[in-house]
Amino acid sequence: MLRVWNLSLVTATFALTIFGTFLTRSGAVNSVHAFSQSAIGPLLLGFFTAIVLVSVGLIGWRADRLRTPGRIDSPISREGAFLANNLLFAAFALVVLLGTVFPLLAEAYDGRQLSVGEPYFDSMARPIGFALLFLMAVAPALPWRAAGGDVLHRRLVVPAWAAALAMLAAAVAGLRGLAPLVTLGLAAFAAGGIMRSFAVGLAARRRGTGEPWARALVGMVAGNSRLYGGLIVHLGVVLFALAFTFSSSFATEREAVLRRGESASLRGYTVTYVDDASTRSARKTSVSVALEIRKGGRDLGTYEPAVSTFAGSRQAIGTPSVRTGLREDVYLTLIAAPDNGRAVVGIRVNPLVVWLWVGAGVMVAGTAVAAWPGARRLTRRGRLAPAPPVAEPAPERVEDAAVEPVG
Amino acid sequence: MRRLLTWAAIAAVIAVALALGTGPQSGAGTDGTADSIAAGLRCPVCQGLSVKDSDSPTARDIRADIQRRLADGDTPGEIRQAYVERYGEWILLRPGTSGFEALVWAIPAGATAAGAVLLAAAFWRWRRRHRSRPPTEEERRLVAAATATVRAGNGAAP
């Protein structure tokens, strides 16, 4: 199913990678990665053109052989969700491509110099990201082929309540802003659906086998590792989306001019200038300042942001120092080295940043589960055997059968 | 009917939460405004950084100037316009919505809408072309046989 789509997306991805390399290396777009004075630009452009012509030609020529006889019965189905997903990711790619080359297009059109920056990408990417999160929450609940209202209601009503109540609780507790609230709601919606899938599958398995919880969980995941691995990956995406939105929406920063022994506060953290040190070598001079971070009387350690100047360069290179916590990260930068005893220090508090990493870790773990050869594909001797036919119905089916009398 | 009421209740709770959470903000003040203006201006001496994100002396001067102008009662629009007059449209990181720049907004939105319409049309065509029919006796027999094999043969594969 969707083989023409998939192949087109794969080739487009590769072609755009080459195009991106061309844009930065050739210097067509201002970039620190540009090679000066080299013939790489025309070469890459030629390579890109060749890739596009050959792949578009091949796909166009052989598309009839790629088409599958399968069909899509209803837009409200797993297949429909995949198509909508493809459309949204393609739209996302188009935003990035157009935003990147638009200054070049504008200059070619009427010679004007324009910029397309972060505010543009933020306002275009946000609705796409919301729609993708929504699809990610709904798609696992959609059956293949066509969904009936009964099935959808039964599978989505609990996650939807989870979303609504999470949003309400957060708003009452003082969370402000459209993007964080919507992200939280969609995250609760998706997480609720994932929890429900696990709970329903586990209950069905325990009814069938009478195993204790832990063994039933392992057996269930091993029995359908691709489904449950995929759901774990979704959970990682949920964590990632929350961390991404909250860390960018609720970052606070300030600058402080400090003498030795003086302190500055931000969001409950107190940063005290303890000491400074400088090292000098033939190639660079570094100055660092020791800053002690305290919160609520608790000592969180001493951190040493620095600035270095390299021989032959006037520009100073900063080395920030980060205190990482489960709830918040504190970033310290030395903006200006101590001069007459006074240093300029930048303090920035970013919430939930570490959860970007946790989310990524959960995604990797989910992928590993999905890729792991299922337990039932291993014979007693531990060798890989050809996969036997699935011995028990998938959990969602079990539940359907249990609730809707067959016949 | 009960189902409809359930979903209406969920929608109502979400609406209340959004109304509560996006109401008039307290404490954003001039600092928030100055930050959002600085985030929309390109740092003239940097590569791809906004005035807000840059530590260069020029960006610091611009940030101080924005604060001063806000204190003098200038609106964010007037401040942006002043910078456009000094540096050209190039200074704005958010392209305008009129003239040629409108395309950078309209093309993705239009292409996505067109894609959605095309998908909907394709679904409609597929459904018309392939009306589903109830399974034949032969198909029912095959499915029953396959299901029986699976039920009986749990773990019986070679």
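Buried denotes under 20% relative accessible area, exposed over 50%, and partly exposed the range in between (1.4 Å probe, protein chains only). The model is predicted: local features need pLDDT of at least 70, side-chain atom pairs count only at pLDDT 80 or more, and totals for chains, interfaces and linings use all residues. Residues are numbered from 1 along each chain as its sequence is written, and side-chain values use heavy atoms, with hydrogens and water left out.

View 1. L352(A), with phi near 60°, lies in the loop between β10 and α9 (354-371) of chain A; strands (E, at least two residues) and helices (H or I, at least four) are DSSP runs, numbered from the N terminus. Its relative accessible area of 25% makes L352(A) partly exposed. N340(A) has phi near 55° and sits in the loop between β9 (328-339) and β10 (342-351) of chain A. With 71% relative accessibility, N340(A) is exposed.

View 2. W61(A) belongs to helix α2 (residues 40-66) of chain A and is exposed, at 59% relative accessibility.

**View 3. Interface of chain B and chain A.** The contact (heavy atoms within 4.5 Å) involves 58 residues from chain A and 49 from chain B. Six salt bridges cross this interface, a salt bridge being a side-chain nitrogen of Lys or Arg within 4 Å of a carboxyl oxygen of Asp or Glu. One joins E101(B) to R112(A), with the closest N and O atoms 3.0 Å apart. On the side of chain B that touches chain A, α5(B) supplies the largest share, 13 residues.

Note on methods. Chains lettered and ligands numbered in written order.
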